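Here is a briefing on how two chains meet in a model. Look at the interface before reading the points below.

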Amino acid sequence: MNRLLYIFILSLVALFPADAFASEAEQGGSGVDAKEIIFEHLGDGYGWEVPFNHHVRIPLPVIVNGSDGWHVFSSAHLQHGEAYTDGSATFVIGGEDSDYKGKVVEIVNGQEVRPFDISITKNVCALFITVALVFGLMMWLASFYRRNGMKAPRRGLGAIEALLTFVYDGVIKSILGPDGRRFAPYLLTVFFLIFFMNILGLIVVFPGGANLTGNVAVTLTLATLTFLVTNVLATKHYWLEMFWPDVPVWLKFPLFPIMQLIEVFGMFTKPAALTVRLFANMMGGHMIVLVLTLLIFIFSGLFGAGVGAGTTVISMAFSIFMLLLDCLVSFIQAYVFTMLSTIFISLAQVHGHHEPQAAH
Amino acid sequence: MELFTPDFGLVFWMFVAFAVLFLLLWKLAWPGILKTVDSRADLIDKGVEYAQRAKEQLDNARAEAKGIIDEARRQQSDMIRESERLKSQLVEQARSEAKDAAQRELDAAKVQIAQQQKEAEHKFRSLVSELALDIAAKVVEDKMKDNSAQSELVNQLLDKIESKN
């Protein structure tokens with residue numbers, strides 16, 4: 001009975017995007033703009049889509065600093081391209097031909113000016129939900145330990161603990177050694193935040209559906225934090241080895257400036273690699289699922305409903321496969337980000353040759 | 001193409017949200033969780049070490065018990081051998097004692113026999129000499145009708161006795 005219920009819910013979820021796009025395709029009449037739909041779903045927005053209706057959105061607060069100070073208002077005022085005047089400033093969401101397409105702009109003397117915008121967009125809201133979720137889960141685990149001592153939790157908490165020990169024992173302690181305890185709070189926070197952002201991104205409806213880790217702003221921030229942790233807490237020997245390595249002076253001579261340049265360059269390529277890896281993997285996963293779903297409408301537009309129906313079966317099979325794969329990728333990418341961060345931190349925890357080596 | 005150009009608002013909120021989450025968890029959650037996880041790992045390590053030591057001790061105890069049993073067996077066989085030896089020694093001793101006793105009996109018997117022989121000899125001799133004297137007295141009675149003959153005979157007899165002794 002339970003299994004039947006699962007199958008029913010899953011098929012509803014699988015059908016949902018098909019339904020939403022189908023209604024749009026009927027209204028549009030002339031095929032589908034695949035690129036537009038894909039980027040709309042991958043991108044950010046001032047409202048949150050609701051299932052089965054493409055026009056109603058859950059309104060979210062817009063926070064902008066316009067020409068005359070701060071403005072906070074609901075994004076419901078800006079729906080369907082309407083302009084909203086708050087005090088003396090008028091705001092509108094940039095249209096198709098605007099330089100700031102899809103962003104809130106202020107109309108100043110007939111010109112569109114982009115204000116300082118820290119709105120709670122769909123992505124920011126999803127981020128807050130994820131943060132609350134991670135905080136709740138970790139507090140739950142901590143309180144379980146406080147109440148039950150060293151007893152191992154079961155079921156849901158057991159899974160959280162399994163993830164935690166997998167990363168803590170398998171990555172942090174084994175790479176950083178005794179330094180592990182010092183960096184574990186940062187690395188574990190990063191791991192769980194990325195993991196739950198990835199997983200929530202795969203859920204189609206409300207608390208999920210935001211393509212957070214597939215957004216370069218998020219991964220860039222995380223990579224920058226790793227960069228800061230790595231370099232701010234680096235040991236003296238790390239800087240010494242970078243700028244004045246322990247080799248004879250005559251050997252340093254010809255290539256010395258180039259080597260320093262390469263070292264400094266390497267400092268910045270590491271976070272860049274972190275940024276792009278997570279961003280590209282998650283965005284790629286989302287994009288493939290979207291494209292597979294859109295194939296149904298593209299084919300039915302081109303060859304008629306019969307072909308579209310045939311494509312539905314194949315597309316859904318591939319989409320489900322891709323989503324299952326994305327569940328795995330969600331974990332792997334969070335794991336890889338944490339592992340690479342740990343390695344970068346450990347590379348900066350260089351101790352002198354006479355001191356005991358803590359890492360490597 | 002906002003996907004590839006980071007949006008400031010999201011960067012700002014991401015930074016703020018992460019900082020808040022990190023500080024909260026750093027203060028409230030991680031110390032307790034990490035302490036428990038670490039101490040449990042220690043406990044498990046210690047448990048494994050303890051089990052290994054216990055197994056070692058058990059193996060040692062087993063070897064020790066085997067040693068004790070072997071020792072007992074050895075002592076047992078020693079005792080059996082010793083008792084065998086004692087038994088045979090006792091038998092031997094008894095035998096030799098019996099032999100000695102028999103020898104002594106024999107010797108005593110021999111001495112007695114010799115004595116009896118001697119006594120018999122004496123008796124026989126005295127009997128013979130009595131008989132001889134009787135015979136001689138008779139013969140002498142017959143012959144000694146005259147004095148000369150008597151004295152001659154006495155001399156002859158005396159000579160004989162002298163030569164005999």
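In this predicted model, chain A and chain B bury about 4000 Å² between them, with carbon and sulfur atoms giving 79%. Buried area is the accessible area (1.4 Å probe) that two parts lose on being put together, summed over both. In chain A, A:Met150, A:Arg181 and A:Thr189 lose the most area to chain B, together 15% of what that side buries.

**Ground rules**
- Residues are numbered from 1 along each chain as its sequence is written, and chains are lettered from A in the order in which they are written.
- Local features need pLDDT of at least 70, side-chain atom pairs count only at pLDDT 80 or more, and totals for chains, interfaces and linings use all residues, while side-chain values use heavy atoms, without hydrogens and water.

**Contacts and polar pairs**
- Contact (heavy atoms within 4.5 Å) links 58 residues of chain A with 36 residues of chain B.
- Seven residue pairs are in polar contact between chain A and chain B, both residues at pLDDT 80 or more.
- A polar contact is a pair of N or O atoms within 3.5 Å; within protein, one must be able to donate a hydrogen and the other to accept it, and residues adjacent in sequence count only if both atoms are side-chain atoms.

**The chain A side**
- α3(A) gives the most residues to the side that touches chain B, 12.
- Helices (H or I, at least four residues) and strands (E, at least two) are DSSP runs, numbered from the N terminus.
- α3(A) has 27 residues and spans 38 Å from its first C-alpha to its last. That is close to the 39 Å expected, the rule being 1.5 Å times one less than the number of residues.
- A:Gly149 follows α3(A) and has a positive phi, near 60°.

**Salt bridges**
- A salt bridge needs a side-chain nitrogen of Lys or Arg within 4 Å of a carboxyl oxygen of Asp or Glu.
- B:Asp7 pairs with A:Lys103, the closest N and O atoms being 3.6 Å apart.
- A:Arg114 also forms a salt bridge with B:Asp7, with closest N and O atoms 3.6 Å apart.
- A:Arg114 lies in the loop between β8 (111–113) and β9 of chain A and B:Asp7 in the segment before α1 (8–28) of chain B, so the pair joins two chains.

**Chain B**
- Chain B has three helices and zero strands, in the pattern α-α-α.
- Its C-alpha atoms fill a box of roughly 195 × 30 × 20 Å along the principal axes.
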